[in-house]
Each structure stands twice: as structure tokens, then as C-alpha cells.
Amino acid sequence: MTPTTTRRRTAPRRRLLGAVAMLTTVSALAACSTGGTDASTPAPAGGADVAATSLAEADAFPVEIEHTYGSTTIEAEPRRVVTIGWSSQDAVVAFGKVPVGIERFTGPGIEDDILPWLTETFEGATPELLTSNPDVPFEQIAALRPDVIVAVYSGITDTAYERLSEIAPTLAFPGSAWETSWQDQTTMIGAALGQPAKADELVEGVATKVAETAAANPQLQGKTITYAMNGEGGLIVFCPSDPRIELLTQIGLVPSPGTLTVCGAEDASSVSVSSELVPTLDADAFILIDVDETVYDTLVGNPLFAALPSVVDDRVIRVVGMDYAMATSAPTVLSIPYALDEFVAQLTTTLG
């Protein structure tokens, strides 16, 4: 059995530049907001260099943004932005700003702990790298003296939110943790940075690409998928509310009946599935996160997994490399152009 495998290690330089240029031209950061620093205040050690050029649209401030822990008011254009969680940094970059602090990412396919579609953007202005899982680095964030903290795709608790809000105005996710769609991420962050019209343009541009991809691949319409990763004693299956599943439904795919059953009515982006339920998860294409290329080989040692028709018929798509896994697992206005064509090529090869 030889499942479809993608080995993405680095993106072509030209493609990265094109994807970023299509969405935004990165320029200097803007004037301060409440709780931050002004343009004359020396920047603290670490973090990106920050200039004072304003990018905000007219009458964009003050703005109040609602989220699961209440609402956050931003009085003026943020100059120093810190992002935590998986993907907020992408939207900030798409709005022409270099954050002073971003999440650290490690694993195969990632160099210098920075996602590859951001490497070109950060040349000469590298943000300070943070690790917010399992514990938010409050002191490190405070030392960066942010004007706003963006955590719209994260798992911060209400306690962490309150503590972060003592440092700077903080944006949490609008519903459940780790479920914010790329569209909502873009519009929330666009509002926070004073660029709501630009947010609409970005969303429309990427949505058009997704719609054109769906129209160009009618053979994918209605095909079922199970998207999973290895878990203790079984699998972790991603549910319809997860952003990676939402993106695939936008190009015409549908969650498998087994996915719908195990996810049920739970308001969760993923569920743990015990080994005995694995036979219920067959689909036209079984997508498996296999970052280091060991998961599939481990799973086929389980007779229940090995007997799945999608495994027997070589209809397993292995998502290899942390960069590719992040691009397809946490879709954003930057990662979708980076990975969508390749992901669709895998799907069409597997599904015919």
C-alpha cells in the first residue's frame, strides 16, 4: 500500500513572493494605541523594528470588537502587535504589519522556527518568538510592550485572557477555541488594525480563489473525507466546525458519515475516537496528518485501520511536514494561496 504523500520542505522563492504580494505589501507599523508605546518611545529588546507610518483607514477608531470573553475596545491604531496561537500572525502580515512577537513553530519543513510563507516578510524585521502552549508567556509578552494582543485562533482561557488584558487590549476567539474561520480571523484583525475595507478585499480575493478551485475540479464535488491524526488508543478526528474541514467543504468535499457520527452534536473542532470505532471512518479519501512520516506505518499495524477500504485501495493522503500540515490545518489568507493548489492536486490524484 502506497498512500499519496506530499513532501513539502521549502516553498519556491518566487511563489512565496507572489502569494504575499498578491495580498499585501508589507510596510511600517503605525501609531500607538491605549496601553502601548508612542512613536518616540524606544523599542524594548527583541521583536521587529517598528516604524510610525499609519496604515489605518479613515474613521476606523475607536473600534469595539466582540469575542467569547466579552468585547475589546481599541482606541487608536496599534503600532506594536503580538500574536499568539496558530495563525493570527498571517492576517497581521497581510495587513502590512510585522508583529513584534509571534508563535514559534518547529518541525520538519520549518526553518528558524518561522512558517515558510512568512520568511520573506520577516527579512530584516524578525519578531520575537513565543511559545504559548501549554502556558502563555505573560512576562515575555509584557516585555514587548504591545499595543494589542491578537489571539483569535488560540485556546487561551478566560483567566489567561484577563491577565493578557492587563498588558494590552486583547482579542480572543469569537466562539470556541481553535475554531475561528479564516474569514472571521481576517475581519476581526482587520477591524483591530483599522483596515476593515482591506479585510473585505482580502476575504473576497481568497474566497474567489477557493471558488475558482471548486469550479475547476467538479470531480471533487460530494466526495467524502475523513481528516485525522494519531491519538492515544485510536485517532483524533476533525469535525465539521474545524477550519480545515470548512475549507475542504468550500471546494465541494463533504465529511464522511463516520465523521458526522463520531462528532455528533458536540461543539468541538475534534474528537478522540477509540480503536474499535476506526472501521466506521472510511471515506473516499482518508487524510492523515503524518508530519514525520511515521504515523501511517504505525497505524497500518492496527488490523482495523489496515482493513479500511480507503487504506486497501491506496486512498490515504498523508500530510507530511509541519509546514504543509500547518498550511492545510490552519487556513489563512496567506496559507491558502501557499498550499491549496498542491492539496487539491493530491485530492484529484487520489479521487480521480
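A pocket here is an open set of grid points with protein on both sides within 12 Å along at least five of seven lines, and its lining residues have an atom within 4 Å of a point. Keep that in mind, and keep in mind that this is a predicted model.

Start with the largest pocket. About 820 Å³ of space lies in it. How many residues line the largest pocket? The lining has 33 residues. Nearest the centre are W86, E103, N133, W178 and M326. Two elements, β10 and α12 (322–329), each give two or more residues to this lining. The largest share comes from α12, with four residues.

Next, the disulfide. A disulfide is a covalent bond between the sulfur atoms of two cysteines. Searching the whole structure turns up one. Which cysteines does it join? C239 and C263, with S to S at 2.1 Å. The pair links distant parts of the chain, 24 residues apart. C239 sits in the loop between β10 (234–238) and α7 (243–250), while C263 belongs to helix α8 (residues 257–263). The torsion about the S-S bond of C239 and C263 is about -90°, so this disulfide is left-handed. Are the two cysteines buried or exposed? The cut-off for buried is under 20% relative accessible area. C239 has 2% relative accessibility, so C239 counts as buried. C263 also comes in at 2%, so C263 counts as buried too.

Take α6 first, residues 196–216. It has 21 residues, which should span 30 Å at 1.5 Å a residue. The end C-alpha atoms are 30 Å apart, so the two agree. Which residues of α6 are buried? They are A199, L202, V203, V206, K209, V210, T213 and A214. These cover an arc of only 140° around the axis, so they lie on the same side of α6. Turned away from the buried side of α6 is a face with the exposed residues E201, E204, E212, A215 and A216.

Last, α13, residues 335–351. This helix has 17 residues and reaches 23 Å from first C-alpha to last, close to the 24 Å expected. Where does α13 bend? At D341, by about 25°. Why call α13 largely enclosed by the rest of the structure? Because 13 of its 17 residues are buried. Just after α13 comes G352, with a positive phi of about 75°.

Notes
Residues are numbered from 1 along each chain as its sequence is written. This is a predicted model: local features need pLDDT of at least 70, side-chain atom pairs count only at pLDDT 80 or more; totals for chains, interfaces and linings use all residues. Side-chain values use heavy atoms; hydrogens and water are left out. The expected span of a helix is 1.5 Å times one less than its number of residues. The bend at a residue is the angle between axes fitted to the seven residues ending there and the seven starting there. Buried means under 20% relative accessible area, exposed over 50%, partly exposed in between (1.4 Å probe, protein chains only). A disulfide is a pair of cysteine sulfur atoms within 2.5 Å. The arc is that of the directions from the helix axis to the C-beta atoms. On a 1 Å grid over the protein atoms alone, a cavity is a set of points where a 1.4 Å probe fits but cannot get out, and a pocket is an open set with protein on both sides within 12 Å along at least five of seven lines; lining residues have an atom within 4 Å of a point. Grid points are joined across faces, edges and corners, and a volume is the space filled by probe spheres set on the points.
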